[in-house]
Amino acid sequence: MMKRFKGMDKASRDTLITYALIIVAYAIMQALLSLHAISSSMVGLLVPICAYISLSISLNLVVGISGELSLGHAGFMSVGAFTGLVAAQVLAPAIPFGPLRLLVSMVIAGIFAAVAGVLVGIPVMRLQGDYLAIVTLAFGEIIKNLLNNLYVGYDGALHFSMKDVASLGMNGGKVLINGPQGAVGITELSTFTAGFLLVLFTLFVVTNLVNSRSGRAIMAVRDNRIAAESVGIDTTKYRLMAFVVAAALAGMAGALYAMNFSSIVPKKFDFNTSILILVFVVLGGMGNIRGGIIAAALLTILPEKLRFIGDYRMLIYAIVLIAVMLFSNNEQVRMAVDSMKSRFARMRDDDVIDDAAEGGEA
Amino acid sequence: MGFISNLINGISLGSVYAIIALGYTMVYGIAKMLNFAHGDVIMVGGYICFIAMNNLGLPPLVAVLLSIVGCTCLGIVVERLAYKPLRGAPSLAVLITAIGVSYFLQNMALLVWGADPKAFRSVLDLPSIKLFDGQLTVSPISIVTVLACVAIMVGLTLFTTRTKMGKAMRACSEDKGAAQLMGINVDTTISMVFAIGSGLAAIAGVLLCSTYPTLMPTTGSLPGIKAFTAAVIGGIGSIPGAALGGIMLGIIEIFAKAYIGTQLADAIVFAVLIVVLLIRPAGLLGKETREKV
């Protein structure tokens with residue numbers, strides 16, 4: 001067993017370690033939950049953490065693996081969240097079993113987010129670099145604005161309007177999405193286990209895509225677009241593939257996230273949420289999926305743990321963010337750390353030499 | 001008359017966007033970074049002016065000058081502490097740092113000045129001008145805004161073409177290495193750009209708050225993003241482009257609000273950006289750079 005593990009290539013070993021990390025974390029949390037050893041505020045964070053981990057993994061596919069800066073990931077999360085909510089309400093009589101309904105809603109959410117991903121992706125993929133980033137930001141804002149004006153009602157059939165509740169023309173029934181007020185009275189279907197399974201699924205999809213022929217093509221396009229094109233890789237196709245897969249996974253995470261709360265507003269999924277997910281990816285190390293997972297978990301828990309310092313909490317978050325970026329990217333700091341490391345290494349070597357010398361004397 | 005009044009409001013709002021966009025475009029041109037903290041400098045400028053007028057009882061002109069000086073210093077300090085150590089770092093690291101600075105400024109403002117919106121008193125205490133028997137009212141602040149924008153544009157164009165520092169800026173934005181070899185102090189030049197951009201942001205903040213008189217720690221973020229959009233529409237890195245993009249965006253926003261709906265105005269503004277970039281990937285006045293293999 002151990003031999004097989006060591007014999008594996010680095011990528012699959014890395015993936016296995018990541019799976020193991022998630023499963024162990026889940027087992028520990030379940031054990032703590034059954035012992036009632038965690039505070040209620042932490043229990044409330046479990047599903048959001050899972051959602052953010054999934055979002056971090058999926059954005060890593062775009063930013064780290066495909067090398068495109070996307071500033072509108074929350075838009076896809078939002079599309080998934082609201083389609084998932086509507087699907088869950090409409091399917092309630094047909095599928096009374098909660099977990100199955102959650103699963104079906106999440107799949108529908110993923111499909112709709114993927115469609116949004118294609119619609120956004122086709123124009124976006126004509127651009128590059130900072131311009132691409134701005135357009136994803138613009139699309140994120142447009143999605144937020146459209147959802148802010150969307151009214152959806154259900155009375156046996158679905159009614160849509162972009163004006164107000166009155167123009168839905170409903171016979172009784174229920175208003176599912178109420179414009180800027182968002183969705184209220186959500187059946188809270190999401191569970192920690194569902195979140196855990198979504199994280200595993202997201203990880204499975206992304207790592208398998210990365211270690212496939214398509215994944216290698218995506219990374220080739222990232223590393224050198226012109227060289228990739230010259231060996232016959234359809235660059236737009238592979239960039240779009242990464243973008244759409246990430247959008248679908250974000251949509252599923254969005255549905256999970258939304259069904260954890262009794263109400264949710266479109267404003268929740270704004271530019272700041274997109275940035276939050278991007279911060280997970282960057283702090284975890286771009287393209288490093290495990291790093292992104294850990295960053296997502298820590299940075300979701302940290303503000304909660306810092307609640308006791310009240311208003312200073314977000315200030316400290318900002319300072320931590322700047323400090324980490326400065327320390328991990330500054331030439332001088334990196335050189336100082338390197339020289340410190342080599343000094344330590346030398347000290348250790350000196351010890352060895354001293355030991356050897358002493359041994360020789362004795 | 002409604003049309004003309006909307007047009008005037010649009011040009012006035014567009015002038016504010018243009019002033020903010022100038023700051024974005026100059027910083028991008030020289031440092032190649034998306035400075036997301038720029039919008040929050042606007043907010044700081046607004047607060048300094050507010051405090052100077054309401055708490056210290058200073059005359060408006062002094063308050064505005066104080067706000068410009070304050071923001072210029074802020075711009076230089078932020079550049080020295082947060083961005084200078086990251087020269088040559090990956091652009092994403094710089095972007096995240098800028099976002100960190102933006103969060104820092106917002107939360108600092110929240111701590112110092114509180115979350116409740118402040119009612120900003122206009123820096124101009126003049127009655128509105130009524131034309132055509134009162135059918136058309138023009139607020140003096142819109143006229144001042146447009147004039148300020150024109151003056152800044154002319155001033156900046158002269159500065160970048162005629163002065164030594166301005167030429168150094170253009171040289172640095174074209175090729176930093178070559179500029180350094182010609183004896184230009186690149187660090188000072190970049191600091192100078194941040195100083196000018198932040199000073200402009202202070203002016204924009206005062207003008208924006210005089211027209212839309214609510215001041216909150218998040219006041220700057222949306223105008224900041226929109227002005228950034230304007231800079232990209234005009235062609236980021238181009239000074240006339242920033243002015244064109246800003247005024248275009250202001251007019252589109254006001255007309256969309258008037259004829260389509262307040263809620264969808266922002267979506268339309270961003271849709272315009274996407275359409276423009278699809279037709280002209282480098283913006284309206286941006287230089288198309290041919291890719292060399």
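This report walks through a predicted model, starting with chain A and then moving to several spots in chain B.

**Chain A as a whole**

Let's begin with the big picture. Chain A is built with 14 helices and three strands. If you draw a box around its C-alpha atoms along the principal axes, that box comes to roughly 100 × 60 × 45 Å. The chain has 362 residues, and 51% of them count as buried.

Now think about which residues touch which. Take the contacts in chain A with a separation of 6 or more: residues 24 or more positions apart account for 73% of them.

**Two helices that cross**

Two packed helices are described by the angle between their axes and the distance between the axes. In chain A, look for helix α5 (residues 98-124) and helix α10 (residues 235-258). These two pack at an angle of about 140°, and their axes are 7 Å apart. The crossing of α5(A) and α10(A) is right-handed.

Which residues do the touching? On the α5(A) side they include M106(A), A109(A), G110(A) and A113(A), and on the α10(A) side they include L240(A), F243(A), V244(A) and A247(A). Sort the residues of this contact by type and you get 15 nonpolar, four polar and no charged.

Next, find helix α6 of chain A, which covers residues 129-148. Is α6(A) enclosed or open? Of its 20 residues, 17 are buried, so α6(A) is largely enclosed by the rest of the structure.

At 1.5 Å a residue, the 20 residues of α6(A) should span 28 Å, and the end C-alpha atoms are 29 Å apart, which agrees.

| Helix | Number of residues | First to last C-alpha | Expected span |
|---|---|---|---|
| α10(B) | 21 residues | 30 Å | 30 Å |
| α11(B) | 15 residues | 21 Å | 21 Å |

**Helices α10 and α11 of chain B**

The buried residues of α10(B) include I239(B), G241(B), A242(B), A243(B) and E253(B). What do the buried residues of α10(B) pack against? Their partners are α1 (2-31), α5 (140-162), α9 (221-234) and α11 (265-279), which belong to chain B.

Let's zoom in on A243(B), which sits in helix α10 of chain B. A243(B) has a relative accessible area of 11%, so it is buried. Set aside its neighbours within four places in sequence, and A243(B) is in contact with A18(B) and M153(B). Its C-alpha atom is 9.4 Å from that of I20(B), even though 223 residues separate the two along the chain.

Helix α11(B) has its own set of buried residues, among them A265(B), D266(B), F270(B) and L277(B). The buried residues of α11(B) pack against α9 and α10 of chain B, and also against α6 of chain A.

The loop between α10 and α11 of chain B holds Q263(B). At a relative accessible area of 41%, Q263(B) is partly exposed. What does Q263(B) touch, leaving aside its neighbours within four places in sequence? The answer is N145(A), N148(A) and N149(A).

After α11 of chain B comes a segment that contains L284(B). L284(B) is partly exposed, with a relative accessible area of 26%. Neighbours within four places in sequence aside, L284(B) is in contact with several residues, including I233(B), L244(B) and V276(B). L284(B) and A242(B) are 42 residues apart in sequence, and their C-alpha atoms are 9.7 Å apart in space.

K32(B) is found in the loop between α1 and α2 (38-54) of chain B. Most residues other than glycine have a negative phi. K32(B) is not a glycine, yet its phi is positive, at about 50°. With 45% relative accessibility, K32(B) counts as partly exposed.

Finally, I129(B) lies in strand β2 (residues 129-131) of chain B. I129(B) counts as partly exposed too, at 36% relative accessibility. Not counting residues up to four places away in sequence, I129(B) touches L136(B), T137(B), V138(B) and I143(B). Compare that with L58(B): I129(B) and L58(B) are 71 residues apart in sequence and 26 Å apart in space, C-alpha to C-alpha.

Note on methods. Residues are numbered from 1 along each chain as its sequence is written. Chains are lettered from A and ligands numbered from 1 in the order in which they are written. This is a predicted model: local features need pLDDT of at least 70, side-chain atom pairs count only at pLDDT 80 or more; totals for chains, interfaces and linings use all residues. Side-chain values use heavy atoms; hydrogens and water are left out. Axes are lines fitted to C-alpha atoms, for helices over the stretch in contact, and angles run from 0 to 180 degrees between N-to-C directions. Helices (H or I, at least four residues) and strands (E, at least two) are DSSP runs, numbered from the N terminus. A crossing is left-handed if the near helix is turned anticlockwise from the far one by less than a right angle, and right-handed if clockwise. Contact means heavy atoms within 4.5 Å. Ala, Val, Leu, Ile, Met, Phe, Trp, Tyr, Cys and Pro count as nonpolar, Asp, Glu, Lys and Arg as charged, and the others, Gly among them, as polar. Buried means under 20% relative accessible area, exposed over 50%, partly exposed in between (1.4 Å probe, protein chains only). The expected span of a helix is 1.5 Å times one less than its number of residues.
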